[in-house]
Each structure stands twice: as structure tokens, then as C-alpha cells.
Amino acid sequence: MNYTATWIYLDKKGEETDFPQTGKLSSRFEHQALYWRCVYIFFKFVRKYLNYSNSKFLLFTNYADNHLIIDGVDIIDELKKMDVQIIVRDFTFKLPKNYYGSWGNQLYEFDILDEFSKLFENDSRLLMLDSDCLITQDISELFSDLDNTPAITFRGEYKNIDETELINGISEKDMLDLSNEYIITKGENIKLDKVPYLCGEFFCARYDFIKQIVDEFPELWKFMIQKFENEPVSETKKFNEEAHFLSYFYAKNNIPVGIADAYIKRLWTSDNYYQIKEGDENIAIWHVLSGKRRYEKIFANIDSLLKKDDKFIIEKIKSLFFTKNSIFDKKNNGMKSVLKHILRKLHLFDFVKSLVKK
């Protein structure tokens with residue numbers, strides 16, 4: 001059986017972390033409502049393009065109530081009408097306070113994999129995407145690709161990255177060093193040559209690979225926690241988010257790099273990142289990282305929208321995500337934003353501002 005899933009973990013006050021893409025703490029209702037709209041729309045599109053007899057749909061969450069009203073819509077009731085199986089699971093692999101500043105609940109994915117391994121059969125296959133991914137066409141062949149490999153990975157914009165460049169706090173060289181240090185503690189007679197950073201918003205794997213992760217992850221997680229406890233500052237070299245951990249498992253198991261790049265792309269819809277280009281509307285899965293507020297318009301019109309033909313749907317969605325402040329807007333005066341982004345990346349932005357004031 002093929003399972004397509006997404007997830008939403010609702011942080012409580014006091015355990016939240018910053019999510020730069022929403023500009024709000026993860027415990028705020030406004031932040032959570034944005035993601036609930038994404039979840040609802042995610043499954044509406046999944047049901048349109050993956051509605052097969054051998055496909056089932058899963059939502060993993062810590063939300064246990066039978067109803068949830070967002071913009072007048074009972075999200076939980078609507079998901080059940082779409083035959084989405086809602087699996088309630090708590091978050092057990094939490095990181096210590098101040099471990100890292102952002103995306104603190106992303107390790108919930110490993111609770112999901114643990115729960116999946118307990119609930120489903122050995123021949124199961126899982127496609128798990130972040131809820132702000134839009135499936136815009138049939139992607140069932142992804143599951144067929146798993147006939148030839150235990151998992152499929154997404155490399156994204158990191159194809160040509162220098163191994164010393166930081167990605168969420170550590171570099172690929174750091175990932176390699178940490179991985180081999182951990183392997184030594186396990187007494188395993190292997191040494192990795194490279195640990196490419198592979199994006200965490202896309203996970204597609206067979207049950208056997210999922211079980212390998214589930215069996216080893218708690219030990220790896222404890223190893224990283226110990227690194228932090230020995231030097232309790234966020235800059236400590238350690239795996240900081242789910243993609244760091246997943247990249248280790250991919251590298252250790254010699255999983256091919258980037259097969260999923262043919263199916264999914266990160267579409268930054270702000271002009272800080274010139275990631276969008278003509279033809280991207282033909283990609284099967286859009287990860288619209290910086291466009292979640294535009295989901296409100298889709299949310300309000302989703303049922304009437306999905307009754308239209310595929311071309312109309314894509315054009316309508318493209319008009320929301322691919323025009324203003326994107327590369328498609330040829331009049332976009334984005335140089336200021338590009339320079340601002342570069343300066344921030346070099347940690348010089350505040351310094352330059354102070355010079356301008358003088």
C-alpha cells in the first residue's frame with residue numbers, strides 16, 4: 001500500500017521556536033491557522049491527483065479534538081470526509097531549550113516514522129511532504145521509483161554548495177565529521193566519505209528503510225543532545241534539524257542523491273531568492289515556502305477551483321504564487337532585496353546600516 005502524508009505539530013506556549021517564513025512564534029494561533037489551511041489544501045490536491053485504490057492518506061498531529069474551526073470550516077470534519085486517517089502522536093524527540101533557534105518541532109518527523117513502522121505492514125511505502133507543498137499532477141510514479149531504491153531524496157538548491165558553507169548552523173563538512181564521530185562510538189567498521197545535505201520537506205521511502213531509521217535514530221538523537229549538553233550553546237557543532245539527521249541515514253545507506261529533484265522544487269516567492277523561472281509551473285510538487293499567506297485565497301475558493309480543468313487550476317494558482325515579487329515579474333526592482341539578502345548572509349547588514357546612518 002502507498003501512503004501519502006503530511007503533518008502538523010502544535011507547539012504549546014513555552015516550547016515554541018521561531019519560524020521565519022511566517023514571522024510568528026509557532027505557539028501562536030495565527031501561525032497554526034496558516035498551517036491548518038495548508039493541511040486542508042494539501043489533501044484537497046492529493047485527493048484530486050492521487051485518488052487510487054492502492055493509495056491512502058495520513059495526517060500526523062498532536063491535535064486530538066474532534067473539531068477545529070478555521071475561517072468557518074471544520075478542518076477535522078472535512079479531512080475525515082476526504083478519508084484522511086488522522087493519527088495522533090505526541091512529540092517525544094524534543095530538543096533542549098536553546099538547542100537551536102528555529103524549526104524546533106521538525107524532529108517530529110521521526111516520531112511519525114516510528115508510528116508508521118508500528119501501524120503499517122512491511123510492504124508499505126510512504127511519501128511524506130511538508131503541508132505547504134502543492135501537488136499539481138499525478139505523482140504515482142514516485143512510488144514505482146522505490147522498486148529500485150529504498151528511498152528517494154531531494155537535493156534542491158544545494159547541488160553546487162561548497163562543503164564549508166553553513167546550512168542551518170553546520171556545513172556538509174561538519175555533517176561528515178559528526179557522522180563519522182558518531183559511527184566510531186557505535187563501534188561500526190565503516191567510514192563515510194561524504195554526507196550531502198538533502199532537504200527534509202520531502203521524504204519518500206520503503207518500510208525497510210523507515211525501520212532502519214526508527215531503530216537507530218534514538219541513539220543518534222541522544223548523541224547530538226550530549227554534544228549540546230557538553231557545550232550548551234546553539235553554535236555547538238551538532239545536527240540541528242531533521243534534514244541533518246536524515247542526510248546521515250541517506251549517506252550511510254548509499255541512497256542516490258536527488259532523484260526527487262525531477263518532481264519537486266522549492267519556490268521562493270519573494271525577490272530575496274531568484275529561484276523561480278519559466279517552466280517551474282510544470283513541476284509536479286511546488287514547495288511554496290514564503291507564500292503561505294496566499295493560501296487564504298485558495299482556502300476560500302478551493303472547492304470551486306478544483307471543479308475546473310487542470311490547466312485552469314494551474315493558471316489560477318500560478319497567478320497567486322508566480323507573479324508579484326517573483327522572477328516572472330519583469331518590472332521587479334529586486335536588486336535592493338538581493339543585496340540585502342547577501343549582506344545578511346555575510347552578517348554585515350547591521351554594520352552597513354550603521355555606516356549609512358553616519
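This is a predicted model: local features need pLDDT of at least 70, side-chain atom pairs count only at pLDDT 80 or more; totals for chains, interfaces and linings use all residues.

Student: How many aromatic pairs does the structure hold?

Tutor: Rings of Phe, Tyr and Trp (its six-membered ring) pair if their centres lie within 6.5 Å; planes under 30 degrees apart count as stacked, over 60 as edge-to-face and the rest as tilted. The structure holds 23 such pairs. One of them joins Phe42 and Phe43, edge-to-face, with 5.1 Å centre to centre and 90 degrees between the planes.

Student: Why is the pair of Phe91 and Tyr108 edge-to-face?

Tutor: Their planes stand at 75 degrees with the ring centres 5.8 Å apart, so the pair is edge-to-face. Phe91 lies in the loop between strand S7 (84-88) and helix H3 (108-119), while Tyr108 is in helix H3, so the pair ties together parts that are 17 residues apart in sequence. Helices (H or I, at least four residues) and strands (E, at least two) are DSSP runs, numbered from the N terminus.

Student: Are Phe91 and Tyr108 buried or exposed?

Tutor: Buried means under 20% relative accessible area, exposed over 50%, and partly exposed in between (1.4 Å probe, protein chains only). Both Phe91 and Tyr108 are buried, as are Phe42 and Phe43.

Student: Which residues touch the most other members of the largest nonpolar core?

Tutor: In soluble globular proteins, nonpolar side chains tend to be buried together. A nonpolar core is a set of buried Ala, Val, Leu, Ile, Met, Phe, Trp, Tyr and Cys residues joined through side-chain atoms within 4.5 Å. The largest has 118 residues, of which Trp36, Phe110, Phe202, Phe203 and Ile285 touch the most other members. Phe110 also belongs to a cluster linked by ring pairs, together with Phe93, Phe217, Trp221, Phe239 and Phe245.

Student: How many residues of helix H7 are buried?

Tutor: Ten of the eleven residues of H7 (residues 242-252) are buried, including Phe245, Tyr248 and Phe249. Their cover includes H3, strand S10 (151-152), helix H5 (172-186), strand S11 (202-206) and helix H6 (207-230), contact meaning heavy atoms within 4.5 Å. Just after H7, Asn254 takes a positive phi of about 55 degrees.

Methods: Residues are numbered from 1 along each chain as its sequence is written. Side-chain values use heavy atoms; hydrogens and water are left out.
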